[in-house]
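These are notes for a colleague who is opening this structure for the first time.

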Amino acid sequence: MGPFAGADLLSKFLSACIDEIIARGGNVNDQAFPAHYLSQWPHPDRTKALLAGKPEQDLVLSSLSQSVSALQTLDVRAIAIACNTAHAWHQELAGRHAGVELLHIAEVTARAACRLDGRPVGLLATEGTYRSRLYSPFFECQGLVCIEPDDAESTLLMQGIYRGVKAGNMALGRRCLSEVVVRMRDRTGVDKFAMACTEIPLALSGFPFERGVVLIDPAVELGAALAKRAYASRGAC
C-alpha cells in the first residue's frame, strides 16, 4: 500500500477513536485507545495487476494474504485496508481468513454518501477500481447513481495519482486532481465526489473550489467504522 495513505488512515482512525471515547463518556488518555497496528508491506501494484491478468493478480492476492496472516498472529479482530484498489481481492481474502473481520471501504463510503442526499456521486478512483466495479454495487444498493470520469478525465486522474501524489509531487497531484473535479462537475452537474483512491484526499482535502463541492473521504469513513468496531468489542471506556 502507499505508505502515506496508510499513515493517513491511521490518523483518521485515531481521530475517530477520540470521538468514540467522548461519545461513551470516557476520558481521552493513552489508556483509552485500543491496541492497534499499522502494517506496511510493499505489495505489488494493484492496478497494474488488475489490468495485466491472473498471474499478476495471484501475486497480489498472495502478498495481501501474507500480511493478513501476519496480523492474525497478533490476535487482531478487524482489519481496515488503506488501499481502495486492494478491495478487488476482498472476497478472496475474507474466504481465506475467516477468523478476522475485513471491513470494506466501498460499503462504508456508500452509506456515508447516502446519508448526505440521494443525488449522484462522482467517483474518483484508479483504473483498477473502475474495472473491478468495487464501488458501483454498494452505491446501487443505496439507490445512488455513480458517475465516472470520461477518458480524458481518467487520464488526468491517473497522472495526478501516480506522477503526482505517489511520486511525491503534491503540487502536480493537486493541480491534476482538482481539474478533474471541475471538469466532471461542469460536464455532468455532479457536485459530490467520493475520493476513492487513498492518495486523492492527500492532495484535495481543503482545496478551495470556486463553487460548492462536497468531497467524501473513504478513509475517514473506514477509520470511523474501524473505531466503532474496536470499541464495540472493547466495551465501555
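1. Start with Asp191. Neighbours within four places in sequence aside, Asp191 is in contact with Arg119, Gly212, Val213 and Val214. Keep in mind throughout that the model is predicted.

2. Where does Asp191 lie? Asp191 is in the loop between α9 (170-188) and β5. One of the contacts named above is also polar: the side chains of Asp191 and Arg119 make a polar contact at 3.3 Å.

3. What is the order of the strands in the open sheet? The sheet has 4 strands, ordered β4-β3-β5-β6, and the pairing is parallel. Its edge strands, which each pair on one side only, are β4 (146-147) and β6 (214-216).

4. Now the whole chain. The domain assignment gives two pieces for domain 1, 3-104 and 221-231, while domain 2 is 106-218. Taken over C-alpha atoms, the centres of domain 1 and domain 2 are 21 Å apart. Domain 1 brings 19 residues to the contact and domain 2 brings 25 residues.

5. How much area is buried between domain 1 and domain 2? The value is about 1700 Å², with 54% of this area coming from carbon and sulfur atoms. On the domain 1 side, 40% of the area buried against domain 2 is supplied by Asn84, His104 and Glu221, more than by any other three residues. In general, the size of an interface is often given as the accessible area lost when the parts come together.

6. Glu221 forms a salt bridge with Arg115, and their closest N and O atoms are 3.4 Å apart. Across the interface of domain 1 and domain 2, 2 salt bridges are found. The count of residue pairs in polar contact between domain 1 and domain 2 is 15.

7. Last, the side of domain 1 that touches domain 2. Helices α1 (3-23), α2 (46-52) and α11 (218-234) each supply at least two of its residues. By class, the residues on this side are 9 nonpolar, 5 polar and 5 charged.

Terms used. Residues numbered from 1 in each chain as written. Predicted model: local features only at pLDDT ≥ 70, side-chain atom pairs only at ≥ 80, totals over all residues. Heavy atoms only, no water. Domains from an automatic or database assignment. Contact = heavy atoms within 4.5 Å. Buried area = accessible area lost by both parts, 1.4 Å probe. Salt bridge = Lys/Arg side-chain N within 4 Å of Asp/Glu carboxyl O. Polar contact = N/O pair within 3.5 Å; in protein donor to acceptor, adjacent residues only side chain to side chain. Nonpolar A, V, L, I, M, F, W, Y, C, P; charged D, E, K, R; others polar. Pairing = 2+ DSSP bridges.
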